[in-house]
Amino acid sequence: MTLHQFQIFAAIAKYGNLTRASQEVRTSQPAMSHQMKQLQGFYGVKLYSRTARGIELTDEGRVLLLVLRPVLEQVERLKTIFSKPIQTQQVKVLKIAGTYAASVSLLPALIARFRKTHSHIEVDHKVVNLSEIERVVISGDAEVGLSSSYPRSSQLAGEPYRTENLAFLVANTHRLARKQVISLLDLQTVPLVIPGASGGIGLIERKLRALEEEKGLKFIVALRCESPQMAKEAIARKVGLGIIYEEVAKDDIKQGKLTALKVHDFRLQGQTYITYHRDRSLSEPAKEFLDLLRRSRPKGFQTQFSNINQQSSLSIN
């Protein structure tokens, strides 16, 4: 007893003619007759008989046909369903961007937290420099950004995320490595490795220039690095004293790869900002990630930002 036998029997009952039934099921008449002999033998009954008018079903044949019809209808329904291309469910994607420091020290842990409760959402994480972060958010290549600068464009909204300490780092074999504390005078005697793109003035360099005017000092910027990894490599090779985000370098300091120094009566702090388009609606994944960012701010962090001075992204203490 097979499905093909049932389909042959249904075709014979439909047409009352072996030739037409053979054409529908695409089976030769001898093969069809053989299949019907097996089916009738299985049930031990005669399902049809030949007459002068063609094929007529027996009482048993009519009962079998009555039972078979809904089964064969379901088989045809399955054929219809699977004959069409399967429409795959559209995958939801969270599109975010971060500057290099944020992408190394903050976003990996945040993405991991997000994925624990949103495993069905893919994350597209773009790592860009400071000059690019606004462009990718405005264009829609990213919906939410995490940056070390408050957005300048009026198209973008900005919220403070957290305060970041900056570390003064040298190679373990650098002449200043034996000192735990150096002065500003020491700082101006060594080449500096700082974040930023060549040809541009980053936030740290801007603050150093302000300090030069205020204190009458002169700092030497030897290298601007777009990525923290590049900066750490340059520091380790004694290109100069590096000023980079403490969070990015903490493992290198702990492992003894780099030495952290304190500058007497001087400290640099940076601010990390959340940014997103002011007028464009966020997707559901982006809304939920933004909510995670807001909830993950350090306790007691000031969330009221309307009076923040947009130019003071770094402070000196």
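The talk below covers a cavity, a pocket and a surface patch in this predicted model.

Trainee: Why is Phe 42 called exposed?
Mentor: Its relative accessible area is 51%. The cut-off for exposed is over 50%. So Phe 42 counts as exposed. Phe 42 lies in helix α3, residues 29–43.

Trainee: What makes up the nonpolar patch on the surface?
Mentor: Met 1, Phe 42 and Tyr 43 form the patch. Together they have about 330 Å² of accessible area. Patch members need over 30% relative accessible area. Phe 42, at 51%, is therefore past that cut-off.

Trainee: How many cavities of 30 Å³ or more does the structure hold?
Mentor: One. The largest cavity has about 70 Å³ of space. A cavity is a place where the probe fits but cannot get out.

Trainee: Which element gives the largest share of the lining of the largest cavity?
Mentor: Helix α5, residues 100–105, with three residues. The lining includes Ala 101, Ala 102 and Ser 105, and also Glu 164, Tyr 245 and Glu 247. By class, the lining divides into four nonpolar, five polar and two charged residues.

Trainee: What lines the second largest pocket?
Mentor: That pocket has about 400 Å³ of space. Of its 14 lining residues, the closest to the centre are Gln 7, Ala 10, Glu 24, Leu 72 and Glu 76. Helices α1 (3–15), α2 (18–25) and α4 (59–83) each give two or more residues. The lining divides into six nonpolar, two polar and six charged residues.

How values were computed. Residues are numbered from 1 along each chain as its sequence is written. This is a predicted model: local features need pLDDT of at least 70, side-chain atom pairs count only at pLDDT 80 or more; totals for chains, interfaces and linings use all residues. Side-chain values use heavy atoms; hydrogens and water are left out. On a 1 Å grid over the protein atoms alone, a cavity is a set of points where a 1.4 Å probe fits but cannot get out, and a pocket is an open set with protein on both sides within 12 Å along at least five of seven lines; lining residues have an atom within 4 Å of a point. Grid points are joined across faces, edges and corners, and a volume is the space filled by probe spheres set on the points. Helices (H or I, at least four residues) and strands (E, at least two) are DSSP runs, numbered from the N terminus. Ala, Val, Leu, Ile, Met, Phe, Trp, Tyr, Cys and Pro count as nonpolar, Asp, Glu, Lys and Arg as charged, and the others, Gly among them, as polar. Patches are made of residues with over 30% relative accessible area and no salt bridge: like charges are joined within 9 Å, nonpolar side chains (Val, Leu, Ile, Met, Phe, Trp, Tyr) within 5 Å. Accessible areas come from the Shrake-Rupley method with a 1.4 Å probe; for residues, only the protein chains shown count as cover. A salt bridge is a side-chain nitrogen of Lys or Arg within 4 Å of a carboxyl oxygen of Asp or Glu. Buried means under 20% relative accessible area, exposed over 50%, partly exposed in between (1.4 Å probe, protein chains only).
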